[in-house]
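Visitor: I have a structure here and would like to go through it. Can you put it up?

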Amino acid sequence: MLISVLINNYNYGHFLIEAVNSVLSQTYTKWELIIVDDGSTDDSHSIIKAIAEKDPRIRAVIQENGGQAAAFNAGVKNATGEVMTFLDADDLYKPDYLQKIYEVYSAIPECDFLYTGLEKFGLEEEVVYPFNMTELTDLGFSNLLVLAREISIGEPTSVMSIRAKAAHQIFPLPFVSDWKISADNALCLASSLALHRKFCLPEPLMRYRIHGGNHYAGVHQSSDRVYKDRMIRERLKAEYYDRFKYGNKPPIGRTWADQFVDEAATGNKPYAMLRRYAGVFNDPKVRLQQPNLNLFKRWKYKKQIKTIMGKI
């Protein structure tokens, strides 16, 4: 299985060699590396050229500045692997990252999208286990969770990977000017809306650098920015909703209420994630202010959900 590693870079020449070295040091060796430089004005071009000349598995794509979504699109367009991974130029893979995700994709053909835990380093140090999970977990589908709760499953960029056949369902990402930063969020949203089955390997296989110059992590978001982010998310959701021809009917199931329950029951969602589904039934947009608990008869977590609902 060939794995395409896609590095997106903008003026991170001083970090880029470390990121590339983290790929070169992988225990799994069947990979290609595509470095997309998004119009850098530092010394990134010369660094990338020198790197690409040393290893035939490394290719460079140089483009005018268009933002992170544009860089993602260029990387996916040039990738030839069966699985694609995304790596920000300021982050690092641990040596067994590719080996571990290869094992998951090989063993579980229904896995469309996989993300891992991470280890923060630099100005902050913390190990992050998504939803406090401790083992490989099938998260099932999350389409309605995205539509109703605006919750993304899978970011940040450098923990994400996706099967090529799934990637080609959602790429190229639209509205690239909306996603000059935080395009990982767009990818996560689009993947859920495409009904990709997501898995999480919570082991911290990626090192997430906090350096004070991050475009998003640790940056205060003004109320105006929060509102704008919500609007661009809504526009993206509408685009994919139309693309997959959902219309005004639920994409799966008989009614919206049935579908929320059915979706929550897919996979083996952790308790913390199920709480997000419980919140759906108190959301005025869903118009289920007084949930009928009989809806949960198909849900193996119905006792837990009753407890959660009683606390809301």
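This is a predicted model: local features need pLDDT of at least 70, side-chain atom pairs count only at pLDDT 80 or more; totals for chains, interfaces and linings use all residues.

Guide: Residues are numbered from 1 along each chain as its sequence is written, and side-chain values use heavy atoms, leaving out hydrogens and water.

Visitor: Is helix α7 buried or exposed?

Guide: Eleven of its eleven residues, 183–193, are buried, so α7 is largely enclosed by the rest of the structure. Buried means under 20% relative accessible area, exposed over 50%, and partly exposed in between (1.4 Å probe, protein chains only). A helix here is a DSSP run of H or I with at least four residues, a strand a run of E with at least two, numbered from the N terminus.

Visitor: And which residue takes a positive phi just after α7?

Guide: Leu195, at about 60 degrees.

Visitor: New topic. Which salt bridge partner does Lys100 have?

Guide: Glu203, with the closest N and O atoms 2.8 Å apart. The pair links distant parts of the chain, Lys100 being in helix α4 and Glu203 in strand β10, 103 residues apart. A salt bridge needs a side-chain nitrogen of Lys or Arg within 4 Å of a carboxyl oxygen of Asp or Glu.

Visitor: What else is linked in that network of salt bridges?

Guide: Asp96 is linked with Lys100 and Glu203.

Visitor: How many salt bridges does the structure hold?

Guide: Twelve. Another of them joins Asp55 and Arg57 at 2.9 Å, N to O. Asp55 counts as buried because its relative accessibility is 12%.
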